[in-house]
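Trainee: I am new to this structure. Could we go through it one question at a time?

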Amino acid sequence: MGADRVKLITVINPSDASAEAGEKSMKGVYRQVSKRDFRNLPEFMKTMIPRPIFMRSATFGTGVIADAFESDEQGTQGKTRALWRLDKVPKKEGTGVVDKRPALRGFLVARGFLQKRAYVFLFAKEGLRKAEKAHHFTSILTWRLLHEEIARTSSVIPVAAGDRIGLRTLPNLAEFWKDADWTSLWSDVTIDPRSAQLGLWCLLAEEYKGVSIIGMRSGMIEVPALLGIRTLYLEEKLNQQAERMAKWTGKVPGFERQVVERPAGIKQQLYWRNESAKSYQPSDVSSHAANNSAHLAGMVQGFRLGRPFRGRTKFTPAPVLEQPQRKRGEPFLRPQPTFLANTRLPAPIDAVNIQLAKAEFDKIVTWAKATPTPTGATTSIHGSVVRTVTARPQPAVTPPGSD
């Protein structure tokens, strides 16, 4: 571990005529590396990657981390925290370092966090759905239902984290790395605001204790787990990449997985169904998706428009005018067909079909309620807020006969 633990090597295939061809070529190489089929790698890969660099898949890296935690749990976690702890951040100008932990503590307090309270972070993932696992993007409906149920039935406070998807909580850490109260903290040091968020998770792990995090599997949900924050990630049944992160369960402390029958959310399920139906998918994957997505029949991603309105920059429905109402010389205007009238809409879908199954949902809520008791809690529940009562001044009483 260290500042230079990762280096980026640019590899260009001279035969790739376009960016699309290059992307396809590199994906093919990655699949060969993942299958450990090094003998059939293209020649340009063999000549452009210098020795002693060895090609390994992402699954190999997670295995190295799992082995490190299994052999020395406390030592590995300590090294990870030391790497991301912001106690010695180099100054942007001159020499020396700055301890940014006091600034992190002030930021959390200003956002409404208290060490005596327990929090569960609902980590959201959103963006352009181009990745192979785009169905792991978060369903706003599911996250709102979790927020409501956890807050209603426990003293654990749900907090929105990760990408902004419309979930409103108090406190809130959704895309906080873009906010002025966060970016202003790093003007005098070399670290950028986005990278500095790792230090915030480290501080939460070391000083808050009573925190948990729930999210779909992603490249960020693992960070809190490595630092010691209790973590639950959701993954659909028969996911072909399940082996990668499952290596951490039972080895990285507090890192747990919950398998669900299907992802939650309409667009998530549509993407999952379409990806699972592709020819290269195993039969058990495609069969499972087909059996669990019958309610999506007739639905497509995006919209299919009919013939465009020619000669019109904007569509404005024309009024239906009776013949006597038309002025002399005015052309007869036919009623314009509307979009809905020309499109066959799918049958209504019961909201239950686009949510997690009740047993799956209840299991997540139960897990959130088991968030550890926070540092400094004064009761047996998940912390407390001490109410300060100010005594009202009493009016002066004049003793009898003192006049």
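Mentor: Begin with a term: a cavity is a set of grid points where a 1.4 Å probe fits but cannot get out. Keep in mind that this is a predicted model.

Trainee: How many cavities of 30 Å³ or more does the structure hold?

Mentor: Rolling a probe the size of a water molecule over the atoms shows where empty space is left. With the cut-off set at 30 Å³ or more, the number of cavities in the structure is one.

Trainee: What volume does the largest cavity have?

Mentor: Its lining includes His 135, Phe 137, Trp 143, Met 216 and Leu 356. Among the other lining residues are Pro 263, Ala 264 and Gln 268. The volume of the largest cavity is about 70 Å³.

Trainee: What share of the residues of the protein count as buried?

Mentor: The secondary structure comes to 14 helices and eight strands. A residue counts as buried when its relative accessible area is under 20%. Of the 403 residues, the buried share is 38%.

Trainee: How far does helix 4 reach from its first C-alpha to its last?

Mentor: Helix 4 covers residues 73–84, which is 12 residues. At 1.5 Å a residue, 16 Å is expected. The computed reach is close to that, at 17 Å.

Trainee: Why are the buried residues of helix 4 on the same side?

Mentor: The buried residues are Thr 76, Gln 77, Thr 80, Arg 81 and Trp 84. An α-helix has 3.6 residues a turn, so residues three or four places apart point the same way.

Trainee: At the start of helix 4, which residue has its backbone nitrogen reached by a side-chain oxygen of Asp 72?

Mentor: The side-chain oxygen of Asp 72 comes to within 3.0 Å of that nitrogen. The backbone nitrogen belongs to Gly 75.

Trainee: Which helices are included in what covers the buried residues of helix 3?

Mentor: In helix 3, the buried residues are Thr 62, Gly 63, Ala 66 and Phe 69. They fall within an arc of 125° seen down the axis, so they line one face of helix 3. What covers them includes helix 4, helix 9 and helix 10.

Note on methods. Residues numbered from 1 in each chain as written. Predicted model: local features only at pLDDT ≥ 70, side-chain atom pairs only at ≥ 80, totals over all residues. Heavy atoms only, no water. Helix = DSSP H or I, 4+ residues; strand = E, 2+ residues; numbered from the N terminus. Expected span 1.5 Å × (residues − 1). Buried < 20%, exposed > 50% of the residue type's maximum accessible area, 1.4 Å probe, protein only. Polar contact = N/O pair within 3.5 Å; in protein donor to acceptor, adjacent residues only side chain to side chain. 1 Å grid on protein atoms, 1.4 Å probe; cavity = no way out; pocket = protein on both sides within 12 Å on 5 of 7 lines; lining within 4 Å. Points joined across faces, edges and corners; volume = space filled by probe spheres on them. Arc of directions from axis to C-beta. Contact = heavy atoms within 4.5 Å.
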